[in-house]
Amino acid sequence: MEPTGSRGDDFEREELFAGTTGSDGASDVPMKRPLLTVCRDFVYRRLPFAKWFPEYRISQDLPGDFAGGLTIGIMHIAEGMAYAPLAGVRPVNGLFSCLFPALFYMLFGTSRHVSVGGFAVICLMTGSATTRATEQLMAGMNVTAADEPKIRENLAIQITAALTMFIGFVQILLGICRLYKLTPFLSDQVIAGFTTGAAVHVMTSQLDKALGASIGSHNGLGKLFFIYRDIVAALSQGRFHLITACIGCFVVFCLFFIKNWIDPKLRSWLNIQKPLPYDLFVMVLATFFSSYFALHAKYGVAIIEDIPTGLPSAKLPELGLFPLLALDSVSIGIIILVIHLSMGKLFAKKHTYPLDMEQEFYATGLTEVLCSFFPVYPPSTSLGRSLVGESAGTRTQLSAVFSSSLVLCVILFLGPLLEPLPTCVLAAIVIVSLQGMFRQLGQVPQLWRVNRIDSAVFMVTFLATVLVGIVPGLCIGVIFVLGTVIFRSKKAKLTCEVETAPKQCPTRADCQLVLTFTSPLIFLNVEQFWRNLRKLLDRAASEKAPHSIVFDLHLVTNIDTMGGNAIIEVHDYCQKHGYIVHFCRANEKVLRLLNRMEQFERISTAFC
């Protein structure tokens with residue numbers, strides 16, 4: 001199979017016209033490419049499925065896609081239902097949110113290994129937006145207490161579907177504006193710190209469900225402090241459901257113990273490489289015991305209750321909700337892209353196939369828009385599920401067919417069997433599933449030893465996300481990264497060596513002073529450049545160093561106007577102090593800017 005997506009990060013748009021060259025070497029009038037070729041290339045680029053599927057290698061790729069697809073499908077069932085309450089909708093909507101996105105992304109995406117569906121962080125952000133919008137809409141309604149739960153449920157579904165469509169529009173617009181070129185500012189440390197901080201919010205949101213405690217809702221700065229205060233107060237005052245708390249804690253303990261201690265030994269003993277679906281096993285057992293002991297009827301344990309069978313019909317979302325959801329659409333849409341692109345680049349680099357960054361913006365946007373016609377919450381790439389799918393053998397996007405087929409079986413036939421499942425079990429599954437994100441905190445000591453600035457980026461983003469909020473935390477992390485870029489630019493050094501000039505320099509003095517600046521020369525570090533230069537010249541004068549100076553510019557990858565003026569002024573300054581000055585190995589970009597400056601002509605002979 002050919003690499004999915006024929007363009008990498010540095011893809012340049014193909015020209016619609018190709019010139020022909022005459023016998024004299026001159027270019028003739030450009031000839032228009034055949035319309036059929038233009039249309040074919042456009043379809044291959046915007047619908048990658050049309051290119052890679054006809055070239056699919058059944059014998060090599062199908063076994064891995066089948067095994068990986070079934071593994072991901074099992075996780076979809078457990079996580080889709082568990083994450084649905086985070087988004088404020090019913091578990092069956094979580095199954096829909098795992099069925100449709102995987103199939104739509106298979107058509108438009110260029111990453112072979114990402115798993116698109118439910119993701120805890122995005123579901124939590126969706127739930128916050130849904131709760132706020134629902135309260136605003138309910139404030140203008142006159143409903144009875146008996147009808148209120150059903151109305152809230154219907155409103156939540158309408159809001160999440162509309163939010164999904166608006167997110168898709170935002171992502172497509174970002175792709176049209178070519179903002180995928182800004183993704184390098186989202187470093188690995190920012191993403192790791194953000195996802196770890198967001199995991200704290202997700203875990204906190206599930207504690208009251210896992211314990212059966214009743215606490216108030218909080219928003220704004222430091223809301224986690226108030227939530228934990230309420231949880232402690234509820235536990236100390238006995239305002240929680242004892243049986244629910246026991247079940248929730250027991251499931252958390254069992255899953256954590258099994259996944260971290262029993263699973264590695266069991267798989268080694270059985271010689272199994274693929275992960276076992278413990279979450280699904282727990283769901284099945286919990287459903288059986290809940291039904292057998294009538295936990296809901298006899299002891300008041302909250303359960304999922306009604307799970308309808310059958311597929312929903314397509315319906316246009318409520319576009320009138322856009323004013324309520326505009327800001328949430330932008331923030332959630334950007335974070336979905338951040339997570340998706342980071343995982344896509346990880347797998348593309350590991351398996352050496354190109355990832356079309358521009359197409360990924362359109363792929364995620366189109367997936368969101370098409371999914372919004374069904375009662376879903378916004379889908380996103382899942383970090384853990386994608387890694388599990390890859391380790392299970394996934395080879396191409398076709399694995400989505402097998403994962404979605406498994407989810408479809410549950411939707412059509414098996415859904416009612418899961419109705420007695422206690423909701424505290426779903427909360428426990430979510431809490432344990434976050435341990436992979438919390439393990440990222442273990443990177444901090446290693447990062448500190450390797451690069452303290454990267455360690456600071458991680459911790460600042462993590463703490464900002466935990467203390468300030470999910471969206472503000474990501475913004476603070478990005479701003480901090482930009483600040484570190486400025487800091488590193490200002491700390492650039494001017495190194496000095498006494499040696500023979502580089503070969504590119506026409507001066508062949510026996511002994512010269514070679515100065516090398518280790519950064520682009522821009523307005524941020526011009527002062528630092530001058531400060532270092534004066535110190536070096538003062539030291540050279542005291543040590544009676546050579547009076548021939550070569551400025552080696554091969555590390556100066558870029559300059560601005562202030563940098564260009566600095567080079568001219570440096571030439572004059574050094575000549576004034578009796579030095580012979582030469583500039584060597586300047587790249588084309590630097591020379592192009594210098595040539596546009598009026599005073600450069602008089603010093604151009606100093607360049608070699």
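Where does Leu276 lie? Leu276 sits in the loop between α9 (242-270) and α10 (278-292).

**Confidence**

Across the protein, the mean pLDDT is 85, and 91% of the residues reach 70 or more. Confidence is highest in helix α13 (residues 357-371), at a mean of 95, and lowest in strand β1 (residues 17-18), at 38. Over residues 1-29 pLDDT stays under 50, although the model has 58 contacts beyond four places in sequence for this stretch. Where pLDDT is low, the predicted coordinates should not be read in detail.

Leaving aside residues up to four places away in sequence, Leu276 touches Asp263 and Leu266. Leu276 and Thr394 are 118 residues apart in sequence, and their C-alpha atoms are 16 Å apart in space.

Is Tyr377 buried or exposed? Tyr377 has a relative accessible area of 0%, and is therefore buried. Its place is in the loop between α13 and β4 (380-381). From Tyr377 to Ile122 the separation is 255 residues in sequence and 9.1 Å in space, C-alpha to C-alpha.

| Helix pair | Axes come within | Crossing angle |
|---|---|---|
| α21 (residues 526-542) and α22 (residues 561-576) | 10 Å | roughly 20° |
| α4 (residues 91-108) and α13 | 9 Å | roughly 145° |

For the pair α4 and α13, the crossing is right-handed. On the α4 side the contact is made by Phe100, Pro101, Phe104, Tyr105 and Phe108, while α13 contributes Gln359, Glu360, Ala363, Leu366, Thr367, Leu370 and Cys371. By class, this contact of α4 with α13 has 9 nonpolar, 2 polar and 1 charged residues.

How do α21 and α22 run? Their angle is under 35 degrees, so these helices are roughly parallel to each other. α21 passes α22 in a right-handed crossing. From α21, the residues Val526, Phe529, Trp530, Leu533, Arg534 and Leu537 meet Met562, Gly563, Ala566, Glu569, Val570, Tyr573 and Cys574 of α22. The contact of α21 with α22 divides into 10 nonpolar, 1 polar and 2 charged residues.

Methods: Residues numbered from 1 in each chain as written. Predicted model: local features only at pLDDT ≥ 70, side-chain atom pairs only at ≥ 80, totals over all residues. Heavy atoms only, no water. Axes fitted to C-alpha atoms, helices over the stretch in contact; angles between N-to-C directions. Helix = DSSP H or I, 4+ residues; strand = E, 2+ residues; numbered from the N terminus. Parallel < 35°, antiparallel > 145°, perpendicular 65-115°, else oblique. Left-handed = near helix turned anticlockwise from the far one by under 90°. Contact = heavy atoms within 4.5 Å. Nonpolar A, V, L, I, M, F, W, Y, C, P; charged D, E, K, R; others polar. pLDDT = per-residue confidence, 0-100. Buried < 20%, exposed > 50% of the residue type's maximum accessible area, 1.4 Å probe, protein only.
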